[in-house]
Every structure is written in C-alpha cells, then in structure tokens.
Amino acid sequence: MWSLIVRFPPRIISLNYTKGGADVTEKGPKALICAVESFPPSTIKWYFKANNSLLSTDRDVLESTYNLTTAGCLDTGLYTCFANNNVSDRAVTMDIGINVLCKPRPDPRAEVDDTFGLGISETLVINAMFLSNPEPSITWTFLKPTEMDSTNLFNGKDNFKIYTTFETTNLSSMSVGTRTDMQETWFGVYSVTATNSQGSENLRFTAVAKGKPSPPYGGTAVCPDVDQATLSWTSGFNGGSSQTFIVGIRNDMRSSITIDRSTNQTDPGQGHFVTTTVYGLKAETEHVFTVYAVNEIGNSSFPEEVNCTTKAKPQGSPLGAIFGGLAGTAVGLSLLVSVVIIKRKTSENKRKGADEEMISVDQRRSIDEESSDGMKPNILYESAGLKPNVLYESSGPLPGSSSEYAVVEKSSKKKSVSPDDVYAVVDKSKKPETTDDVYAEVVKPKIKKGKEKKKQGNVKQKGGFGKSEGNDVYANCKGGEKKVPEAGLNRQKNQDGLIYLDVEFKGEQEKGMFTVIHGVENRSDYADVDFTKHAEPLPQENEQPTGDVNVK
C-alpha cells in the first residue's frame, strides 16, 4: 500500500475571541484564539502591534490562545497572530483588536506645569491632557481666590479660547485653554474636567501674579568624603520667571552664611529632583547648608537648613613609613657598595699599571745604594701586592714586550710506564735581546750536599745549569743529555759577580734521588728559605700521582 505525505506551509483558518467581542472593561479579562492548518505543525507567536512587542510563543501547534488577564486602558489596540513552519521561510499573519474601556485620567505619558506666574497683560496658556477611552467631553471652570463658587469658561468669551483634540490610536485627549491680556481679576484656579461613559476626572491649574519663586523643598545633605557634600532637593514654582539655584554654607549654626556661586544650578522644572555637589570643605567639620531659588523678582530658600559632617583625613599607615625607611636604606647601601667597588677597581687598575713597569739597571743600582740595611731589593719577591713575577709568567709576553722568559710544558699525570718519563719540561730557551736589566742577583755559597732518598726503578734525570751571556743572567732548565757538573765546579758569573743558585739532581742512589744546591753558603739573602724541609718522594712506578710536587 502506498501513502502520500504532503508538506505545506501554515494557513490561518480562524482568529477570534474566546468570549464576547472586542470590548472589555478596564481590569477585565480577554482571550484571543488563533487556529492554523499546516504540515508539519507550526510555531505561533502573538505580538502587540502598537509597539511590535512579543507577547507569547507556542511551538509545533495548530492552535494557540493569548490571555489578557487584567486589561488596562493602554492595552487597547491591535494584536497579531504570527505562524510559520520549516516548509517555507515566509510566515502568515492576521490582526485582531481589543478595546479596553476606561474613564479619563491624567495622561502619564505627558508632563505639564500646574502653576503659572504672569504679569499684567501677558498671555496664559494651559494644556490639559487626559488618557481616556472612549473620547471624553471637556469643560472648563474658573475660581477666584476670594470666592467660594467657580464659573464656567466658554470658548471665545472673556478673552478665553478652548481647543480640544482626541487621538484614537493612543487614546490621548488634549484640551488647550488660552487667555490673552491677563488682568488682575483673572488670577486664580482653572479646572478642566473630562467625562466619558466610564467616569470623569478633573485637573487643576493655578495662575498667579509674577513674583519670587516658591521655596525648594525635600532638601537633604550627605558628606561622602573629607572635603565635599552632596545636596538634593525638589524644585518648586518659579514665580512666573526662570529660576536658578545657589547654595549657602556655614560651618556652624552661629556663623554667617557664605554663598557658593560655583554651585549655580539650573531649574529642571517644577516638581523635578535636583542634585549638586559642594567641594573644598574642611575635613572632620560639621557644615550647614541651605539652597536658594532665585529669579528676576527675588529668592526663597529651604524651609529648614540641612547639615552633615565631613570625614576625617586618613592617617598614614606606620607600615608605609617602615617600608619607606627600609627602601631608602637599601638604596643608600647599594650606592655605597657601588662607590666602594668602583674605587677598588680604580685602585687595582692603577696598581696593575704600576706593576707593568720594567726596572732598568740604573734604577736598580739607585735602589741598591739607597738601601739602609744592606739588603738589596729582589723584584722576584716584591709581590706582596700581587705584583706579576716576570720569571714565572709563562702565559704570554710582558706588556710592551714580545720576550718570553719561560715556557712550561706539562704532560698529563699518569702512571709511569718508562724510566725515561718526564713529568715537567721547562723551556727557557727563548730570551729577549741583551739588555742591561738584572732580574736576580745571587751570591753563590759553598756546596752543601743534600740527603739521599731511595727511589725504586731506574730513572734517568735530565738537567742543566745556568749560563750567562753579556750582562744578563738567565736560567736554562731545559735539560739536554749532558752530564751534570761536579760540586765545586768553577761557575761563570756576570759583570756584577752574581750567579743563580744551581740545583743539581744526583744520579740514581740506592735509596732514591737527592739534590745538591750550589752557592747556598754565600748566597745573597733576598728571602728566607728553609732547606731542612723536603718534598715528598716521587711516586712509585705502580702508584698514580695525586698532585703537583712542591719544593718548599
């Protein structure tokens, strides 16, 4: 069996009231029902057409009801049923009206003045506006201040004209009364009455001779801070002329009032709320305020003055002072440390520059002559201030010179595997050109033999002794294969008769190697040397060296 499904957009088949017609009394209920035909079912929405506001929504239905439970005068108007489904992007709509019957009342949508101040021969214009359904009838009356009964006013009589209109779309009824060439007898109370089937309402307006403004009322004062106050009040009748507001201030109930012209406030209209702020007040002080309404005729003020007390100035936190002091101390210390570092660096640079100067032969002789204790300065030991020692600086040439006085080549320490292993080789073969500089002066004493120490294995020691050329004396410790000279050998001297101490390493002994120092007896004393102390013996062939060998 075959089945055919037809999809189609909605079509409104009915839009009606559930009960009665369009009219409904004020505060009464009214319900509207909308039925559609569609597949699939539709979404139905209700709108109030006057302002196009959405009232309700029902989804996937074929019928929807909108209930107006408590009808108001402003609920009068057209209501729209809106329906659509997913078959088409287009929706279908239909309107229906509700008419709410209400008695006249002042139209809440309009603002009008109810008091007028006029001079003689000026024109009085009164606008009376009502909200009413159905349209009301309008009557005017006038009551003199000295009389008990009012009189009716008619259009075109006693310089009075009446003009009335009604707007069905918004239920607004407006009646305008105009009286030209005002006279003193026409000052009084004008009443406007609107009447329809649902009732009546009366509006009253007062016309007075132009004068000073009515006092502002409802004044308040609040002091939210240490130096300001906020004042508020409600504007009164302006006396028939435009008015402004100014503030009067005094610090107590006994002092005179000071007018603050900076708070000149314009009038927003009779019955409107006004707010202003006063600045520059004294802290922790009670201030008394009044507000003056001023126009061209005169002024009036608050019926009663208002007052408030400004807040005290906040006290500084002790923690702030502590943290500030600590921060200042830290800054001072950092500046002091910076100055010290800069001075130290400057001093070191100066000392370093001084250390780099070379001492000539003439300068050396001058120093020798000025020495009071007979001791000669030895530049090798003038290093208490960390001065460079030219005999031991092997990392590069001296400043200002390309000469190299010593080169030390050390192989890595490891277990000895051959009696010919060399642990350190000093290369002093490079020397500068012959100069008159003297770098060391040594008086050679008689030979004193050292103690012997036993060393296992056969070790062949390479050694040498000093040699002199010209006026310079240098030490050449890079050994060749030549034999060490015997003790007491006549040694070469320089032109000053000075030689270096020679250290002679003897050959293999039963208990090891020992040293002989030549020239120690008659040496020149530049420094005390304790020759009774000896270095540790060289490592055995089966031991791993643990450090450098130092000669003390």
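**Strand pairing and the core**

Modeller: In β24, T309 is the bridge partner of E286. The model is predicted, so local features need pLDDT of at least 70 and side-chain atom pairs pLDDT 80 or more, whereas totals for chains, interfaces and linings use all residues. Residues are numbered from 1 along each chain as its sequence is written, and side-chain values use heavy atoms, without hydrogens or water.

β22 (residues 286-294) and β24 run antiparallel, joined by four bridges; strands are DSSP runs of E, at least two residues, numbered from the N terminus. In β24 (residues 306-309), V306 and C308 point to one face and are buried (under 20% relative accessible area; exposed is over 50%, partly exposed in between; 1.4 Å probe, protein chains only).

Elsewhere, β1-β3-β6 is the order of an open, antiparallel sheet of three strands (pairing requires at least two DSSP bridges). Because β1 and β6 stand at its edges with a single partner strand each, one side of each lacks a neighbour in the sheet. Seven antiparallel bridges link β1 and β3, where R11 has E37 in β3 as its bridge partner.

β1 (8-17), β3 (30-39) and β6 (63-68) are among the elements giving two or more residues to the largest nonpolar core, which has 20 residues (buried Ala, Val, Leu, Ile, Met, Phe, Trp, Tyr and Cys joined through side-chain atoms within 4.5 Å). C34 is one of the members touching the most others; its contacts (heavy atoms within 4.5 Å) include I12, L15, I44, W46 and C81.

Conventions. Lists of a residue's contacts leave out its neighbours within four places in sequence.
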